[in-house]
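Dear colleague,

I am handing over the structure below, and after it you will find my notes on what turned up when I went through it. Please read them with the model open beside you.

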Amino acid sequence: AGVFAEEQAKTVAGIIRSEISGTAAEKYSGRGACYIDTGQDMAAPAEADLLDPEGPKIILHPPSKEGLKAKANFERERLAKWFGP
């Protein structure tokens, strides 16, 4: 999911900034959330912790119409953040 690439990019930018400024950098958390379109006007929210000490953990919530609305809002927010309103 793109949320992981986005967080990895933020982490790399933070590392570069910390090396230039001599401050501590935050580590990549390995956590993220996204929505899986399941069809029938529904989506399933998913949460992942890829760096859990016991191994990757993924929680997949049941598909719902609310999940599809949340997916659409998430997409709108990301597009506005990256490319402007």
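Across which strands does α1 lie, and at about what angle to β1 does α1 run? Helix α1 lies across β1 and β2, and runs at about 160° to β1; axes here are lines fitted to C-alpha atoms, for helices over the stretch in contact, with angles running from 0 to 180 degrees between N-to-C directions. Helix α2, residues 65-83, also packs on the sheet, where α2 touches β1 and β2, and its direction makes about 120° with that of β1. Contact means heavy atoms within 4.5 Å, while helices (H or I, at least four residues) and strands (E, at least two) are DSSP runs numbered from the N terminus.

Before going further, please bear in mind that this is a predicted model, in which local features need pLDDT of at least 70 and side-chain atom pairs count only at pLDDT 80 or more, whereas totals for chains, interfaces and linings use all residues. Residues are numbered from 1 along each chain as its sequence is written, and side-chain values use heavy atoms, with hydrogens and water left out.

The sheet itself is open and consists of three strands in the order β1-β2-β3, with antiparallel pairing; two strands pair if DSSP finds at least two bridges between them. Its edge strands are β1 (31-39) and β3 (57-60), each of which pairs on one side only, and the twist from one strand to the next averages 20°. Between β1 and β2 (residues 42-49), which run antiparallel, there are eight bridges, and Gly32 stands opposite Ala48 in β2. The hairpin of these two strands has two residues between them, and there Gln40 takes a positive phi near 55°. Strands β2 and β3 pair in the antiparallel sense over four bridges, with Ala46 standing opposite Leu60 in β3.

Two residues of helix α1 deserve a look. Glu6 lies in this helix and counts as buried because its relative accessibility is 10%; leaving aside residues up to four places away in sequence, Glu6 touches Arg78, Lys81 and Trp82. Ile20, also found in α1 (residues 2-21), counts as exposed because its relative accessibility is 72%. The cut-offs are under 20% relative accessible area for buried and over 50% for exposed, with partly exposed in between (1.4 Å probe, protein chains only).
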